Amino acid sequence: MEKFNKYRVKADQETAKKRAEVEERERKIKERREKEQEKREALEPKIKELTDEEAAEMMQQQKESSKVVAKAATKDVDATKKDEEEEDPQDAGKLKPNAGNGCDLPNYRWTQTLSDIEVRIPLPKAGLRSRDLTVDIQKNHLKVAVKNQLPAIIDDRLLHDVKMEESTWLLEDKQTVLITLEKVNKMEWWSRLVVSDPEINTKKINPEPSKLSDLDGETRGLVEKMMYDQRQKEMGLPTSEEQKKQDMMKKFMEQHPEMDFSKCKFS
């Protein structure tokens, strides 16, 4: 009984810890949805009654805007044609990413940020409960199936590794399975969810700048460094690493004025 009581307390603590972790993840998912809802509501048009003068002025502005838009659209079409002509042969046949930088497939839809992946799977029939499903998230494998029903919706190796302890799933409205996978490598875009999926062209991914604030401190620092280095290269200026090396060499030269560096070549 002493041993039983000893390990029962430990088991209760582990259960409470896991329950707290699940509740925290669900809270984060809820907050993320609320933020998205606030963004959509902020974009909804506001109704305002106009006077005849204001309406006439608006019509004139719309005509002028239409001309500008038409001109810009023509340029965009030309630019798109040029991009298609210059497309890398290695990217031929790859799909264009969806609005969430993922892919829309017949049985499910997945989207991604640099830090995580969301998978939405509509269930084949309504009214199912969590106990009717098998959702197994492994480090490099994902399985989603309705119990006693073949084939599985997903049962394949993931393209890259994920953090099992940070990945979660839940059932929305008894109709959709929502899976959140936490990436191990937060510095790369996935070209597919599982290895059997069609590949998307990651070169056409368009990350939202606002998503930078959603990243953790370490990942955000790495992304900002990459963006800075990219801008420096475009302007023909040294990257952060190159600048660091130059500063170290400059400091060394200042500390040793007796040495002649005129014939040295630095790279």
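1. L170 is buried in this predicted model. Its relative accessible area is 17%, and buried means under 20%. The residue sits in strand β7, residues 162–172.

2. Which residues does L170 touch, leaving aside its neighbours within four places in sequence? The contacts are I29, R33, T176, V177 and L178. V135 is 35 residues from L170 along the chain, with 9.5 Å between the two C-alpha atoms.

3. Strand β7 belongs to an open, antiparallel sheet of five strands, ordered β1-β2-β3-β8-β7.

4. β7 and β8 run antiparallel and are joined by seven bridges. K163 stands opposite E182 of β8. The hairpin of β7 and β8 has three residues between the strands, and there D173 takes a positive phi near 55°.

5. β8 (residues 176–183) also pairs with β3 (residues 116–122), antiparallel, over seven bridges. I117 faces L181 in this pairing. V177 is the bridge partner of I121.

6. How is β8 placed, and why is it called largely enclosed by the rest of the structure? Eight of its eight residues are buried, so the strand is largely enclosed. In a regular strand, side chains alternate between the two faces of the sheet.

Definitions and conventions. Residues numbered from 1 in each chain as written. Predicted model: local features only at pLDDT ≥ 70, side-chain atom pairs only at ≥ 80, totals over all residues. Heavy atoms only, no water. Helix = DSSP H or I, 4+ residues; strand = E, 2+ residues; numbered from the N terminus. Buried < 20%, exposed > 50% of the residue type's maximum accessible area, 1.4 Å probe, protein only. Contact = heavy atoms within 4.5 Å. Pairing = 2+ DSSP bridges.
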